[in-house]
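Welcome, and please take a moment to look over the sequence and the fold before reading on. The report below is meant as a friendly first tour.

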Amino acid sequence: MRRLSELLLERGLVTDQDCAEAEAIQRDSGAGLGPTLVRIGALSEEALLQVLSEQVGLPLLDAAAAPDVEAVREAARELGAPLSWLVDNETIVWRSHGALHAAGPRVHDPAIQEAIEQWGGASIYFARSLLLEPILLSLRGFDSSSSAASDPSRLMELAEEAPVIDFVNSVLAEAVALRASDVHFEPFENQLLVRLRVDGVLTQRRAVSRELFDAVASRIKLLSGMDIAERRLPQDGRQSMRVAGRDLDVRVSTLPTTWGESIVVRLLGSTRRIPELDALGLTLAQQAVMNEVIAQPNGLVLVTGPTGSGKTTTVYRLISRLNDGVRKIVTIEDPVEFDVPGVLQMAVRADIDLDFAAGLRSILRQDPDVIFVGEIRDSETARTAVQAALTGHLVISTVHTNSALAAASRLVDLGVERYLLADVLRAVIGQRLVRSVCPRCAAPDPDASHEARAQAVLPAALRAGPPRFRTGRGCAACGQSGFQGRVGVFEAAHIDAALQEAIRSGASEAELSALARTRGFTTLLENGLAKAREGHTSFREALRVLGAGAL
């Protein structure tokens, strides 16, 4: 039989360096090569078990055939198998229609095979941690008393328990596989819920015993550099790690609630994964607006939208384009979400009164060419950003408004004089994210009224020709949702001389929009419905995100 390392290397699943690192850890821990590669994040468990299944000829356990914890307890009592042995060996046993079954990620180990033979033999399966860990954690049991939960040394022990490590790893690996942006661990009276946000939609993936919460929370805090014992105050942490062979930045936030701390883990990629402007969803005309304004040596560029609308991704793409090694680029962010080589990045620190305004004032003494201010949320930051743009800097920032052109009135409300804003504002960009149609499951939309309502408001130029396809049904490829991934919906206005004069004279948002339309401006709704006609999303999805009430 060929060695596991040879098979993994042959398929390009790991590198020589990964194997060398895992083998070094093996010498100290005694664990197998496969589990060690998974634990250090070099390999997904799914890929490992597929190779092992082919190597030793054992099938993978189907999720529908997995037992519940009581069936495992009953079989263990009948066989006289200690629960601690099952937990330590990551193995479950159960009877189905009188036949004995055993499953686990290491059931091919000789010691486990020998134990199964002593029980009289069984049907044996490889099984993913996704299926096993909730059962094994329940079998293991954890001390949920208040004294144990407040003892830092005990919490540290819980965080280092193998079942806890594997549970957290399997959740994160599942999140990566499903392209989730956030993982939510939510404690309630009798259970711990795990939910994933995929393509902007939050769905529940697991529900396990509440007794596991302190151990899981301690593990996550340990990974992100938080104070394990502090449970009364919100905390923020960050760490870089490998998950299923991918390098990720992980940002963690905790919030004390009635039944424990709600924990949200945000999974961040690297700048090399940020798409170009066209792949983000901008039209050629919108790209031209952005390229023109960032080519200018000074001025203010504002990107608007609610939280989670993709503003940060857009700004980082602009910064990456500006990052030519000639210009000095300095940012202040809350927090720094991507590490950009060649760009000086600073994080807001509320604990030492380093907010956006204070950080921006300090940045101006660093002789920058380009400044990114993570968000304009108060009058001091707004006025300082405008002054920076007036004094020869290109300033890019974000602001929370419902539309791009509402950004002008927002800054005026924050105390910026109209005449100053008109002089420095170069462009405003608004955006949202809509789910993209899965390319493998296009199907007619069963509710044609969505298209009819869209046709009523689309300009004639955007109504030309039939839609490429409409969606409303799903497929196995994307989990029956009809969607896979997300694409941006944008509106972008170049602030030319006419719009500058309108801002200076106090024009309303409606008046600014009407004037911008004469220069080719299209709204978020129009852009979203146009994307639906082109087959990038569905009319139903565009109306869900952009507001059916707009029609």
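What follows is a walk through helices, sheets, a pocket and the cavities.

This is a predicted model, in which local features need pLDDT of at least 70, side-chain atom pairs count only at pLDDT 80 or more, and totals for chains, interfaces and linings use all residues. Residues are numbered from 1 along each chain as its sequence is written, and side-chain values use heavy atoms, with hydrogens and water left out.

**Two packed helices**

Helices (H or I, at least four residues) and strands (E, at least two) are DSSP runs, numbered from the N terminus. Two packed helices are described by the angle between their axes and the distance between the axes. Here, axes are lines fitted to C-alpha atoms, for helices over the stretch in contact, and angles run from 0 to 180 degrees between N-to-C directions.

On the α11 side, the contact (heavy atoms within 4.5 Å) is made by V164, I165, F167 and V168, and on the α12 side by A215, V216, R219, I220 and L223. These contact residues divide into eight nonpolar, no polar and one charged. In this scheme, Ala, Val, Leu, Ile, Met, Phe, Trp, Tyr, Cys and Pro count as nonpolar, Asp, Glu, Lys and Arg as charged, and the others, Gly among them, as polar.

**Cavities and a pocket**

On a 1 Å grid over the protein atoms alone, a cavity is a set of points where a 1.4 Å probe fits but cannot get out, and a pocket is an open set with protein on both sides within 12 Å along at least five of seven lines; lining residues have an atom within 4 Å of a point. Grid points are joined across faces, edges and corners, and a volume is the space filled by probe spheres set on the points.

How many cavities of 30 Å³ or more does a search of the whole structure find? The search finds two, and the table gives their volumes.

| Cavity | Volume |
|---|---|
| Largest cavity | about 60 Å³ |
| Second largest cavity | about 50 Å³ |

The largest cavity is lined by V168, L172, I220, L223, S224, Q239, M241, V250, V252 and V265. The elements α11, α12, β7 and β8 each give two or more residues to this lining, which divides into eight nonpolar, two polar and no charged residues.

Around the second largest cavity stand L155, F213, D214, A217, S218, K221, I228, R231 and E261. Helix α12 gives the most to this lining, with five residues. By class, the lining has four nonpolar, one polar and four charged residues.

Now for an open space: the second largest pocket holds about 740 Å³. Of its 35 lining residues, V38, E45, N169, S170 and A173 are the closest to its centre. Helix α11 gives the most here, with nine residues, and other elements that supply at least two include α3 (33-39), α4 (45-56) and β7 (235-243). The lining of this pocket has 18 nonpolar, seven polar and ten charged residues.

**Strands and sheets**

Strands of a sheet pair through backbone hydrogen bonds, either parallel or antiparallel. Two strands count as paired if DSSP finds at least two bridges between them.

Strand β7 pairs with β8 (residues 246-257) in the antiparallel sense over nine bridges, with D236 opposite S253. The two strands form a hairpin with two residues between them, and A244 in the turn has a positive phi of about 50°.

An open sheet of three strands runs in the order β1-β2-β3 with mixed pairing. β1 (92-96) and β3 (123-126) are at the edges, each with a single partner strand, so one side of each is left without a neighbour in the sheet. The twist averages 25° from one strand to the next.

A seven-stranded open sheet, also of mixed pairing, has the order β12-β11-β13-β14-β10-β15-β16. Its edge strands are β12 (344-347) and β16 (483-494), and its twist averages 15° from one strand to the next. Within this sheet, β10 (residues 299-304) and β15 (residues 425-437) run parallel, joined by five bridges. V303 stands opposite I429 in β15. Helix α24 (residues 524-533) lies across β15 and β16, running at about 140° to β16.
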